[in-house]
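Visitor: Hi! Could you walk me through this protein model, one piece at a time?

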Amino acid sequence: MRVLLIEDHKPLVRALKQGLEEEQFAVDVAFDGEEGAYKAETAKYDVIILDLMLPKEDGLSLLQRWRRAGMMTHVLVLTARGGIEDKVRGLDLGADDYLAKPFELKELLARMRALVRRGHQVKDPVLRIYDLEIDTTTRTVKRSGKVIHLTPREFALLQFLAFHRGKVVTRSMIWEHLYDEQDENTSNVVDVYIRYLRNKIDKDFEPKLILTRWGEGYMLRGDET
């Protein structure tokens, strides 16, 4: 999943970026409100992590502008301020969640996973497709009760397909959600990872779950397909 982190404290940015990337989030970074506004309005993100106290334009102003413009991206607000007023104000302006600094990375990750599930209207952390089980919390996969060992990138791709189950997703859609702005790969790398996934998820099982729609993209089999 692709995340925009808007935060001006560079040591915190480095720590959060590393932690998120280890969980296979693709992370873009902005260090002030102006840069954050540009990136948020020109790329598609699953979640925006927004600090309230930013140079050039503060987080509450950004949030208010985005919601007034109809932006639906989930926003998790970070605040170092002690008063509850800023938290209430952020939620009233359209924030989906907030964390007060300092916080534990594992709590941030849990809240991020919950926001991603909410964005896809999924409440259960375990996604089930036929005999396939994808645990988005422990990042484990089973098919017919057998544990399937996936690399972090393979898991991220499978999870993305599962969130869009029964719907075709294009190569560019997949690439945009799995790779950040610094990555030099092209959307063609998606075909390689689809092949890796098929060898692990479909090769020894029926029915085949990863389907190709020629000229369109890929999809994970739905109940009606």
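Guide: Happy to! Helix 1 passes helix 5 in a right-handed crossing. Keep in mind that this is a predicted model.

Visitor: What angle do helix 1 and helix 5 cross at, and how close do their axes come?

Guide: The crossing is at roughly 55 degrees, and the axes of helix 1 (residues 10-22) and helix 5 (residues 105-119) come within 11 Å. That makes helix 1 oblique to helix 5.

Visitor: Which residues make the contact?

Guide: From helix 1 there are L16, G19 and L20, and helix 5 brings L105, L108, L109 and M112.

Visitor: And how do the residues of that contact divide into nonpolar, polar and charged?

Guide: Where helix 1 meets helix 5, six are nonpolar, one is polar and none is charged.

Visitor: What about helix 7 and helix 8, at what angle do they pack?

Guide: Helix 7 and helix 8 pack at about 90 degrees, and their axes are 9 Å apart. That makes helix 7 roughly perpendicular to helix 8. The contact is made by R171, I174 and W175 on the helix 7 side, with V189, V190 and D191 on the helix 8 side. In this contact of helix 7 with helix 8, four residues are nonpolar, none is polar and two are charged.

Visitor: Which residues of helix 7 are buried?

Guide: Those are I174, W175, H177 and L178, in the helix that covers residues 171-178.

Visitor: So what covers them?

Guide: The cover over the buried residues of helix 7 includes strand 1, strand 2 (26-30), helix 6 (152-163), helix 8 (189-201) and strand 11 (217-220).

Visitor: New topic: how many salt bridges does a search of the whole structure find?

Guide: The search finds 18 salt bridges. As background, side chains of opposite charge can pair when their charged atoms come close.

Visitor: Pick one for me. Which residue does K101 form a salt bridge with?

Guide: K101 pairs with E7, and their closest N and O atoms are 2.9 Å apart. This pair links distant parts of the chain, 94 residues apart: K101 sits in the loop between strand 5 (97-100) and helix 5, while E7 sits in the loop between strand 1 (2-6) and helix 1.

Visitor: Is E7 buried or exposed?

Guide: E7 is buried, with a relative accessible area of 1%. K101, on the other hand, counts as partly exposed at 24% relative accessibility.

Visitor: OK, another one. What does D131 pair with?

Guide: D131 forms a salt bridge with R143, and the closest N and O atoms are 2.7 Å apart. D131 lies in the loop between strand 6 (126-129) and strand 7 (132-135), and R143 lies in strand 8 (residues 140-143), so the pair ties together parts that are twelve residues apart in sequence. D131 is partly exposed at 25%, whereas R143 is buried at 0% relative accessibility.

Visitor: What else is D131 in contact with?

Guide: Leaving aside neighbours within four places in sequence, the contacts of D131 are K142, R143, S144 and E206.

Visitor: Last one: what is phi of K56?

Guide: Phi of K56 is near 75 degrees, a positive value in a residue other than glycine. K56 lies in the loop between strand 3 (47-51) and helix 3 (59-68), and is exposed, with a relative accessible area of 63%. S144 also has a positive phi, about 55 degrees, although S144 is not a glycine. Look for S144 in the loop between strand 8 and strand 9 (146-148).

Technical notes:
Residues numbered from 1 in each chain as written. Predicted model: local features only at pLDDT ≥ 70, side-chain atom pairs only at ≥ 80, totals over all residues. Heavy atoms only, no water. Axes fitted to C-alpha atoms, helices over the stretch in contact; angles between N-to-C directions. Helix = DSSP H or I, 4+ residues; strand = E, 2+ residues; numbered from the N terminus. Parallel < 35°, antiparallel > 145°, perpendicular 65-115°, else oblique. Left-handed = near helix turned anticlockwise from the far one by under 90°. Contact = heavy atoms within 4.5 Å. Nonpolar A, V, L, I, M, F, W, Y, C, P; charged D, E, K, R; others polar. Salt bridge = Lys/Arg side-chain N within 4 Å of Asp/Glu carboxyl O. Buried < 20%, exposed > 50% of the residue type's maximum accessible area, 1.4 Å probe, protein only.
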